[in-house]
Amino acid sequence: MYSICGPLSIASYILSCDRTDVLCPYSGFVIFSMSGISLWNLSIISINRYVLICHSSNYDTVFTRTNTKIILLITWLFPPIVYLFPLTAAWGSFMYDEKKCLCTPLITDVAFRTYSLVSTTLIPFLPISFCYLAILNKVRTSYKRITSLQIENSDRLKNQRQLIKTVLVMISIFVLINTPFTITVLLDPDQEKISPWIHSVSLYLSGISYMTNSVIYSILNKQIRTSIASIFKRIMGK
């Protein structure tokens, strides 16, 4: 996502000194579409993990090859379809926001802003919250049951502990870095009540959230850490 959105954001900022620059709506379309796709992907991943851990007997029935293809198709098509409306000026429009250095569809039409936030942010956020909390509860229950059997040195117990830690960290970081953006957009959509720099920081924090899962897994997973360290050693050794 960042390999695409990063250069577009920089180009939009540099070239949009002329606020009628043709790049503005297209860069905004790609950035907001990719952000929506990322959040929807996180939602699908959370549902996948939830079914696997909490309803494992139904996993193969729910996530068949055909169902998975349909889910992925909808996930990758829905956000771009949403932002086609402002791109074509059919509903709302993209406008360069000087305070956030970003071309956005969230300041021109209140109705579209509400629709886009609900469809690309709130709806995927709800299953993410529910699924990870349900997984956490399931893991904690299993952990207590295993501990009661006094299998302190079992691999299963270690895996349960690691999963609890990973889920806790993921939930905490996701909520921490997404809440400011949600609050600022809802409470101050016109950016008149809250300081502009708070709006900017909350926006870029929200953008960072889409890469946190891979970072968390890399930090907390010993195998991944070992592999990364091995790669760096080989590079530095050359």
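This is a predicted model: local features need pLDDT of at least 70, side-chain atom pairs count only at pLDDT 80 or more; totals for chains, interfaces and linings use all residues.
Local features here need pLDDT of at least 70 and side-chain atom pairs count only at pLDDT 80 or more, while totals for chains, interfaces and linings use all residues. Residues are numbered from 1 along each chain as its sequence is written, and side-chain values use heavy atoms, with hydrogens and water left out.

**View 1. Cys24 and Cys103 form a disulfide.** A disulfide is a pair of cysteine sulfur atoms within 2.5 Å; here the two sulfur atoms are 1.9 Å apart. Helices (H or I, at least four residues) and strands (E, at least two) are DSSP runs, numbered from the N terminus. The torsion about the S-S bond of Cys24 and Cys103 is about 85°, so the disulfide is right-handed. Both Cys24 and Cys103 are buried, where buried means under 20% relative accessible area, exposed over 50%, and partly exposed in between (1.4 Å probe, protein chains only).

View 2. Cys131 is buried, with a relative accessible area of 3%.

**View 3. Thr184 and Ser202 are joined through their side chains.** Look for Thr184 in helix α6 (residues 155-187). Thr184 is buried, at 5% relative accessible area. Its side chain makes a polar contact of 3.3 Å with that of Ser202. A polar contact is a pair of N or O atoms within 3.5 Å; within protein, one must be able to donate a hydrogen and the other to accept it, and residues adjacent in sequence count only if both atoms are side-chain atoms.
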